[in-house]
Amino acid sequence: MAGAMRSVHAHPPEFARSGHEHEQPGATTFRGAAAPPEIPVIDMSHAGCAMADAAREWGIFQVVNHGVPAEAVSELQRVGREFFALPQAEKQRYAMDPSSGKTEGYGSTLQRDGPDGKKTWADFLFHNVAPPSAVSQSVWPENPKGYRAANEAYCGHMRRLTRTLFERLSAGLGLEEGAMAEAFGGDEVIFLQKINFYPPCPQPELALGVAPHTDLSTLTILVPNEVPGLQVFRDGLWHDVEYVPGALIVHIGDQIEILSNGRYKAVLHRTTVSKEKTRMSWPVFVEPPTEHVVGPHPRLVTRECPDKYKAKKFKDYKYGKINKLPQ
């Protein structure tokens, strides 16, 4: 990826989706004269059913007054920006190597996403941040200064916020507040921090930073920088997620859709890129332990609404989705 991105004046053909107009951001993004439908922004200082409604109708929402200090977010973003400003050789010290079992670390999305082998325009860094038993700090960068402290502090806020999100989403299904957390593994739930780095792209109307997908996770909590790019699919078109200063973006993932027996929807989303600006985002993926079994909650399976999903270990679900196997 480093070589492909060295110049923004040339667009390597392996990144262009020129043969598939239905994938091109320039051809498929909502550009109507009327105002587009707005992704819900939820004030967490107020109770109510708005979060559950958003999870049903959109599978995505933004939260404000969420209790995560602005200083913690700012520091997370600072160390992320500084990591990607390091020399390539320094970043490569933390490179992933799946062939040797090293599945965390620095890398590029050079996998081929479609039948014609198109690539996505992004670099990334990811690693587990909780619980301690799942953390390998050997893949956490030593530079920039403060990286580890910033990630540990932010993770503490994510664990608290996730508990609250689980409680409200559980209540929205008519379950006890603790039902969702218990169903996903309780204190053993895994938090995976990722940084996405999307440099300027010479032909953003033809390229994608991330191809369309739903998240494997229970939910994903994302903080973006001010450069837009996240899009969600609704009514046959892709809609931009507006940047709301101070807000966190929450994606409903596959595991919550499964647990809710389809009442909540995992959001289909993708990322576009900019011609002039670097876009970055910091998603935290909240996942069940690998051996944990997730299926529709028994209280949400009835004669009128039979189970729509198979119960299976998270590791088996993940393997099937990554390898595009029937679930």
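Visitor: Which residues of helix H8 are buried?

Guide: Helix H8 spans residues 314-322, helices being DSSP runs (H or I) of at least four residues and strands runs (E) of at least two, numbered from the N terminus. Buried means under 20% relative accessible area, exposed over 50%, and partly exposed in between, with a 1.4 Å probe and protein chains only. The buried residues of H8 are Phe314, Tyr317 and Gly320.

Visitor: Within what arc do the buried residues of H8 fall, seen down its axis?

Guide: The arc is taken over the directions from the helix axis to the C-beta atoms. The buried residues line one face of H8 because they fall within an arc of 130°.

Visitor: What do the buried residues of H8 pack against?

Guide: The model is predicted: local features need pLDDT of at least 70 and side-chain atom pairs pLDDT 80 or more, while totals for chains, interfaces and linings use all residues. Side-chain values use heavy atoms, without hydrogens and water, and residues are numbered from 1 along each chain as its sequence is written. Contact means heavy atoms within 4.5 Å. The buried residues of H8 pack against helix H7 (254-259), strand S12 (279-287) and strand S14 (312-313).

Visitor: Which exposed residues does the face of H8 turned away from its buried side carry?

Guide: H8 is followed by Lys324, whose phi is positive, near 55°. On the helix itself, the face turned away from the buried side carries the exposed residues Tyr319 and Ile322.

Visitor: Which residues does Gln77 touch?

Guide: Gln77 lies in helix H3 (residues 70-84). Its relative accessible area is 14%, so Gln77 is buried. Leaving out residues up to four places away in sequence, Gln77 touches Val223, Pro224, Asn225 and Trp282.
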